[in-house]
Amino acid sequence: MAIYEYNGTQLFYEELGDPNGKNTVAFLNGVMASTSSWAYLTPVFVKLGFRVILHDFKGQLRSSKPSGPYTFMEHCDEARALFEHLGVKKLHLVGTSYGGEIAMKFAVLYPEMVNTISVIDSVSELDAVLEGFLFGWSALCDIGDGE
């Protein structure tokens, strides 16, 4: 468990497995998730010899929470800076929900760093139904109702 500071934001991260492993995989959290959300999957990758990187995006559990809103671009840049700080040249990305959207954007922006992406329960475009869900989630955030 460690903290990496990027543009005044502290990003919480964890490294598991072999730091010199042949392959690196980064797991990217969904909005309401954190690094611990991957606890059942990461041991499998560690056992297979992967270097595993987990981090909380800014605004998530153990990272800084500056006032937002945050953008996909900011999260991609922060992830890239963290990966470069850790000496990662190429990696596999696994993202769920919002993390999957970041994985897709990251792969478009920085294809030279990406071996593969695995996207779980994410979207690539915003339609009227999803926009309605987002409006509702935002309204709940404004009133602080976690239920």
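## A walk through the predicted fold

Pro 111 is found in the loop that joins helix 3 (98-109) to strand 6 (114-120), where helices (H or I, at least four residues) and strands (E, at least two) are DSSP runs numbered from the N terminus. This is a predicted model, in which local features need pLDDT of at least 70, side-chain atom pairs count only at pLDDT 80 or more, and totals for chains, interfaces and linings use all residues. Residues are numbered from 1 along each chain as its sequence is written, and side-chain values use heavy atoms, with hydrogens and water left out.

Pro 111 counts as partly exposed because its relative accessibility is 48%; buried means under 20% relative accessible area, exposed over 50%, and partly exposed in between (1.4 Å probe, protein chains only). When its neighbours within four places in sequence are left aside, Pro 111 is in contact (heavy atoms within 4.5 Å) with Lys 90 and Phe 106. The C-alpha atom of Pro 111 is separated by 25 Å from that of Leu 41, and these two residues are 70 residues apart along the chain.

Thr 42 lies in helix 1, which covers residues 42-47, and with a relative accessibility of 6% Thr 42 counts as buried. Neighbours within four places in sequence again left aside, the contacts of Thr 42 are Leu 16, Phe 27, Val 52 and Leu 54.

Helix 4 (residues 128-143) holds Leu 134, which is partly exposed because its relative accessible area is 37%. Leu 134 also belongs to a nonpolar surface patch of about 620 Å², made together with Val 129, Phe 133, Trp 137, Leu 140 and Ile 143. Patches are made of residues with over 30% relative accessible area and no salt bridge, like charges being joined within 9 Å and nonpolar side chains (Val, Leu, Ile, Met, Phe, Trp, Tyr) within 5 Å; a salt bridge is a side-chain nitrogen of Lys or Arg within 4 Å of a carboxyl oxygen of Asp or Glu.

Turning to the whole chain, the protein has 4 helices and 6 strands, and from the N terminus on its elements run β-β-β-α-β-α-β-α-β-α. Among the contacts with a separation of 6 or more, 68% are between residues 24 or more positions apart. Of the 147 residues, 37% count as buried. The radius of gyration, taken over C-alpha atoms, is 15 Å, which agrees with the value near 15 Å that a compact globule of 147 residues would have, the globule rule being 2.2 Å times the number of residues to the power 0.38. The C-alpha trace spans about 45 × 30 × 30 Å along its principal axes.

Conventions:
Accessible areas come from the Shrake-Rupley method with a 1.4 Å probe; for residues, only the protein chains shown count as cover.
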